[in-house]
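Let's take a friendly walk through a protein model. Have the sequence and the 3D view ready, and follow along one residue at a time.

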Amino acid sequence: QNPPPAFPVFSPHPAVHDRSLLPASEQHVVVDVRLNAGGEVVSENLVTGIGNALDRIVLDIVKTWRFQPATINGRPVPSEAEVIVPFNLSYPISDS
């Protein structure tokens, strides 16, 4: 039986200030994160990137995410999770 997976409880969207970074058609930045038993991100690994500054923006923001940790027999355990961030031309641009 697989433990209930970790899921994000604090997951701010990446702040994008430059619309020219956004892809014309939807693309995803995919990041694998390793979590400690407290649900904090201890490492992040880019799996699929867009190939511009959006990749770094996503890597930087997922470091701040917090997760409800995975549990085994009710006890929190370290785990891994996959974060998928979709980008397209309608992604909201942040004021700097």
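## Before we start

This is a predicted model, where local features need pLDDT of at least 70, side-chain atom pairs count only at pLDDT 80 or more, and totals for chains, interfaces and linings use all residues. Residues are numbered from 1 along each chain as its sequence is written, and side-chain values use heavy atoms, with hydrogens and water left out.

## Strands side by side

Let's begin with strand β2, residues 27-35, which pairs with strand β7, residues 79-87, in the antiparallel sense over 9 bridges. Helices (H or I, at least four residues) and strands (E, at least two) are DSSP runs, numbered from the N terminus. Two strands pair if DSSP finds at least two bridges between them. β2 also pairs with strand β3, residues 41-48, again in the antiparallel sense, over 6 bridges.

Now find Asp32. Which residue of β7 stands opposite Asp32? That's Glu82. In β3, the bridge partner of Asp32 is Asn45. The hairpin of β2 and β3 has 5 residues between the strands, and there Gly39 takes a positive phi near 85 degrees.

## Two residues of β7

Ser79 and Val83 each have their place in strand β7. Are they buried or exposed? Here buried means under 20% relative accessible area, exposed means over 50%, and partly exposed is in between (1.4 Å probe, protein chains only). Ser79 counts as buried because its relative accessibility is 17%, and Val83 is buried with a relative accessible area of 4%.

Contact means heavy atoms within 4.5 Å. Not counting residues up to four places away in sequence, Ser79 touches Ala6, Val33, Arg34, Leu35 and Ala70. With neighbours within four places left aside in the same way, Val83 is in contact with Val29, Val30, Val31, Val33, Val62, Trp65 and Phe67. Take Val29: it sits 54 residues from Val83 along the chain, yet their C-alpha atoms are separated by 8.1 Å.

## Rings in pairs

A pair of aromatic rings is described by the distance of the centres and the angle of the planes. Rings of Phe, Tyr and Trp (its six-membered ring) pair if their centres lie within 6.5 Å; planes under 30 degrees apart count as stacked, over 60 as edge-to-face and the rest as tilted. How many aromatic pairs does a search of the whole structure find? It finds 2. In one of them, the rings of Trp65 and Phe67 have centres 6.2 Å apart and planes at 40 degrees, so the pair is tilted. The rings of Phe87 and Tyr91 also form a tilted pair, because their planes are at 50 degrees, with the centres 4.8 Å apart.

What about cover? Trp65 counts as buried at 9% relative accessibility, and Phe67 counts as buried at 5%. Phe87 and Tyr91 are buried too.

Side chains of opposite charge can pair when their charged atoms come close. The rule used here is that a salt bridge is a side-chain nitrogen of Lys or Arg within 4 Å of a carboxyl oxygen of Asp or Glu. By this rule the count comes to 3 salt bridges. Lys63 forms one with Glu44, with the closest N and O atoms 4.0 Å apart. This pair links distant parts of the chain: Lys63 is in the loop between α1 (53-62) and β4 (66-68), while Glu44 is in strand β3, 19 residues apart.

Asp60 meets Arg56 in a salt bridge at 3.3 Å, N to O. Why are these two about one helical turn apart? Because they are 4 residues apart in helix α1. Asp60 also meets Lys63, at 3.8 Å, N to O. Put together, Glu44, Arg56, Asp60 and Lys63 are linked in a network of salt bridges. Lys63 is partly exposed at 38% relative accessible area, and Glu44 is partly exposed at 25%.

## One out in the open

Finish at Asn73, in the loop between β5 (70-72) and β6 (75-77). Asn73 is exposed, with a relative accessible area of 78%. Its phi is near 55 degrees, a positive value in a residue other than glycine.
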